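Please look at the sequence and the model below. The paragraphs that follow go through a few loops, a core and a pair of helices.

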Amino acid sequence: MESLSAFMQEMLVLYGVAILGFIVRKIGVLNENANDVLTQLILYITLPALILYSLDISFSATLLKEFMWFIMMSAYILAISCFLAYWMRKSSQLPEKQKSVYEGLIIFGNQGFIGYAVSYILLGEQGVVYLTIFNICYLVLIWTYGIYLFSRSKESIDWKKIFLNPGILSTLTGLVIFLLPIRWPTVVSVGLESVGKMTIPLSMMLIGILIANVKNSTFILLMKNTYIWKSSLTRLIIIPLLLLPFAALPVPFQVFLIAVLVSGMPSAPTISLYSQRYGGDTYFASMGVLLTTALCIITIL
């Protein structure tokens, strides 16, 4: 009961921040340029800092077995998700600007804030360590293939931006820190933590701002869009169920539990950021993130 209460509190905080963003945009505290400013701030500063901080954990021999299981399950579920999302996108009748968003909403979950909250509630600090390991493949994919989804429609793809961006560079740097017997100096670690923890509230505030920019008629139209609901069903229910074959293998229960729960997280706010940055349908993306975040209270419980 205490765990349920803690989880509900975390979700209410998320919704509260999104509502705050909605209100401040509606009353004019933030103008139309706020979208671009927040997007740049998150993608290039706070999110890389969060990645560097989260990967600053001690790697030991006792973690090796769990590490291998997590990498195996993470690579498996991400590969299956990519194929499934690609097939669903090809089968859809969506406008071009929504197709990449649709695919991204299915593949990438909010494994950061909500994932860490759920993992910590269940297993404490050990849950955070487990999730950090499970997220390694995810971080590489969302900062490479995730960006590619939104840039492939352009006449020329800037491969440098795909493979040499703050997200992938911070992930690779974090991996080096994780695998080697070194840690960030305390002052650096505290700084990364302080800056990195701004990522999720800023992301949710941005979603609130983007939704505030949606006209009522467009909002209703998007809520009636069957593809929004299809992506939500796939992300929250079908994808985590695809990990069930691992239940027949000698996977430690706690490792399996974290992998299944995290694989069923709501769509990542990063998809809204990419839409804003690379010319996708930001309204469609924001509605997809909002809907899955609301429904995940039911599916996770």
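Buried means under 20% relative accessible area, exposed means over 50%, and partly exposed lies in between, with a 1.4 Å probe and protein chains only. Ser92 has a relative accessible area of 4% and is therefore buried. The model is a predicted one, in which local features need pLDDT of at least 70 and side-chain atom pairs count only at pLDDT 80 or more, while totals for chains, interfaces and linings use all residues. Residues are numbered from 1 along each chain as its sequence is written, and side-chain values use heavy atoms, with hydrogens and water left out.

Ser92 sits in the loop between helix 3 (64-91) and helix 4; helices are DSSP runs of H or I with at least four residues, numbered from the N terminus. Contact means heavy atoms within 4.5 Å. Not counting residues up to four places away in sequence, Ser92 touches Lys99, Tyr102 and Tyr227. Tyr227 is 135 residues from Ser92 in sequence, yet the two C-alpha atoms are 7.9 Å apart in space.

Asn110 belongs to the loop between helix 4 (96-107) and helix 5 (113-123), and Met265 to the loop between helix 14 (253-263) and helix 15 (270-278). Asn110 counts as buried because its relative accessibility is 4%; Met265 is buried too, at 0%. Leaving aside neighbours within four places in sequence, Asn110 is in contact with Gly115, Met265, Pro266, Ser267, Ala268 and Pro269.

Now to the core. A nonpolar core is a set of buried Ala, Val, Leu, Ile, Met, Phe, Trp, Tyr and Cys residues joined through side-chain atoms within 4.5 Å. The largest has 88 residues, and Tyr274 and Trp143 are among those with the most contacts inside it. Tyr274 touches Trp143 and also, among others, Leu43 and Phe150, not counting residues up to four places away in sequence.

The axes of helix 2 (residues 34-54) and helix 9 (residues 166-179) come within 9 Å and cross at roughly 20°; axes are lines fitted to C-alpha atoms over the stretch in contact, and angles run from 0 to 180 degrees between N-to-C directions. The two helices are therefore roughly parallel, the term for angles under 35 degrees. Helix 2 contributes Leu43, Tyr44, Pro48, Ile51 and Leu52 to the contact, and helix 9 contributes residues including Pro166 and Gly167.

Technical notes
Parallel < 35°, antiparallel > 145°, perpendicular 65-115°, else oblique.
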